[in-house]
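Please read it alongside the sequence and the model shown here.

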Amino acid sequence: MTALPNMPVSNAQTHNSLWRDEGSTSMRALGYFIGAFAVALILGIGSAWYMIERGSMLTTTRIGPWTSWLSEGNPNADPYTRAHLARSGRLPLSSTAARYFAASTDSSGGRLSAACEYTIAGAPLNARWWSIALYDARGSIVPNPSNRYSFNSEEAIRRSDGSYEIHVSQKVRPGNWLPNGDDPDRNLTLLLRVYGPRETDVSGIGQIPAESLPKIELKRCE
């Protein structure tokens, strides 16, 4: 058999091949750019949400299940603290006059749920006044027939040493009882308000010893 001679490649064919190669490279580069932009956007939004929702070592202090924003009520508060408060709808006093501690988990780290029963066990607080209130995860009070939403240092039943227990449950409990509503799918948040702390740091921020903050113990779930 006689070999066929090499056929010359036309300039048009070469141009089309180069165009396809360049177009494919450009599309890949555009895809990489879009992917990197999407990842950066997701990371940016995620980190901003975390800083607003959870805070950081610079904006919050965490003791057990309790979180407190150090610059609450301060007109010069950082942007994340201001955004957190705007989202919660609260108008707190400055941390030099009051401290606020929020808990959305029990002391073992489990999410607070209306399907479960808890005991809040607290020690005396060196402050003029305090209260513990129950909210849902959006910061709204939990509807209940008893219209009971909180306890404070004046009305809570306490032992002779000043310690106390508050029961959080659907069913009535003796003593200090906070109803958690009739929706077992509802997530809960506890808010401890401490007014006029008698111990302060050099900046005048009220100090609440870790051992004085209440423990939140899971008793049972339905």
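A residue is called buried when its relative accessible area is under 20%, exposed when that area is over 50%, and partly exposed in between, with a 1.4 Å probe and protein chains only. By this criterion, 35% of the 222 residues of the protein chain count as buried. The model is a predicted one, in which local features need pLDDT of at least 70 and side-chain atom pairs count only at pLDDT 80 or more, while totals for chains, interfaces and linings use all residues. Residues are numbered from 1 along each chain as its sequence is written, and side-chain values use heavy atoms, with hydrogens and water left out.

Helices (DSSP runs of H or I, at least four residues) and strands (runs of E, at least two) are numbered from the N terminus. The protein chain has two helices and ten strands, and their order from the N terminus is α-β-β-α-β-β-β-β-β-β-β-β. If a contact is taken as heavy atoms within 4.5 Å, then, of the contacts in the protein chain with a separation of 6 or more, 67% are between residues 24 or more positions apart. The accessible surface, computed by the Shrake-Rupley method with a 1.4 Å probe, is about 13800 Å² for the protein chain, and carbon and sulfur atoms hold 58% of that surface.

Rings of Phe, Tyr and Trp (its six-membered ring) pair if their centres lie within 6.5 Å, and planes under 30 degrees apart count as stacked, over 60 as edge-to-face and the rest as tilted. A search of the whole structure finds three aromatic pairs, and two of them, including their geometry, are given below.

| Pair | Centre distance | Plane angle | Class |
|---|---|---|---|
| Y100 and Y195 | 6.2 Å | 85 degrees | edge-to-face |
| W129 and Y195 | 5.6 Å | 45 degrees | tilted |

The Y100 and Y195 pair links strand β3 (residues 98–103) with strand β9 (residues 188–197), its partners being 95 residues apart. W129, in strand β5 (residues 127–136), is 66 residues apart from Y195 in strand β9. Ring pairs thus link Y100, W129 and Y195 into a cluster, in which Y100 is buried at 7% relative accessibility, whereas Y195 is partly exposed at 25% and W129 is partly exposed at 27%.

A charge is counted over a ring if NZ of Lys or CZ of Arg is within 6 Å of the ring centre and within 35 degrees of the ring normal. R148 lies over the face of F151 in this sense, at 4.3 Å from the ring centre.
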